[in-house]
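Biologist: I am new to this structure. Could you walk me through how to read it?

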Amino acid sequence: PAAISEIQYYVQDGNTWKSIDANKVVNAGTYKAVVEARTADGNSGIAQIIYEIEPAEISVSVASSDTTYDPFARETKEIVKVDILEEIPNVKIFYRTNNGEWSQEAPTIKHVGTYEVEVWITAPNYTDYTTIATAEILPFDISSCEVVLEQSDYYYTGGNIKPRVMELRTM
């Protein structure tokens, strides 16, 4: 059998090949190994192989959070929840609504309606993940509320009386 005397590794960078250390053959990409071999009787030859390391799939859970509009909420609610199901270095999550600009901040909505949120997740050595989550904010049922007025009793004065609402509470 032939004894391998040298192996050189290259990585494809556009249309050119760059020489790399064999310990750097860890990332997704296209590689070339050039092998020089010698037989016991002194014959030698060079062989090469081009191979590819495929990017991994991102394991993720994307869920919309359908909810009812809350007129008492002081803050808006995130309408999409993204959970990366494995440890992935340098992962980035982007969101957008209405074909707007991509942002790394999850969208928050405070108004009644149906919203489509595009989610794009990217990381080196992984195939990008994209999906669309649809979230619905349902109308609030005001008939289940209690109205609290500034005062509880009003008496005829002969003039205009305008009760002032102090609070609207859920029952």
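Modeller: We will go from confidence to overall form, then to a single residue.

Biologist: Where is confidence lowest, and where is it highest?

Modeller: First, this is a predicted model. Where pLDDT is low, the predicted coordinates should not be read in detail. Here the chain's mean pLDDT is 84, with 94% of residues at 70 or more. Strand β16 (residues 165-170) has the lowest confidence, a mean of 71. Strand β13 (residues 126-127) has the highest, at 96.

Biologist: How many helices and strands are there?

Modeller: The protein chain has zero helices and 16 strands. The chain is more spread out than a compact globule, because its radius of gyration is 32 Å, well over the 16 Å that the globule rule gives for 171 residues. Along the principal axes, the C-alpha trace spans about 120 × 30 × 20 Å.

Biologist: What share of the residues counts as buried?

Modeller: Of the 171 residues, 19% do. The accessible surface is about 12300 Å², and carbon and sulfur atoms make up 48% of that.

Biologist: What about the charges?

Modeller: There are 13 positive and 26 negative charges in the chain. Their mean positions lie 7 Å apart.

Biologist: Now one residue. Is Val26 buried or exposed?

Modeller: Exposed means over 50% relative accessible area. Val26 has 57%, so it is exposed. Val26 sits in the loop between β2 (16-20) and β3 (29-38).

Biologist: How far apart are Val26 and Ile53 in sequence and in space?

Modeller: Val26 and Ile53 are 27 residues apart in sequence. In space they are 8.1 Å apart, C-alpha to C-alpha.

Terms used:
Residues are numbered from 1 along each chain as its sequence is written. This is a predicted model: local features need pLDDT of at least 70, side-chain atom pairs count only at pLDDT 80 or more; totals for chains, interfaces and linings use all residues. Side-chain values use heavy atoms; hydrogens and water are left out. pLDDT is the predictor's confidence in each residue, from 0 to 100. Helices (H or I, at least four residues) and strands (E, at least two) are DSSP runs, numbered from the N terminus. The radius of gyration is taken over C-alpha atoms; the globule rule is 2.2 Å times the number of residues to the power 0.38. Buried means under 20% relative accessible area, exposed over 50%, partly exposed in between (1.4 Å probe, protein chains only). Accessible areas come from the Shrake-Rupley method with a 1.4 Å probe; for residues, only the protein chains shown count as cover. Lys and Arg count as positive and Asp and Glu as negative; His and the chain ends are not counted. The place of a charge is taken as NZ of Lys, CZ of Arg, CG of Asp or CD of Glu.
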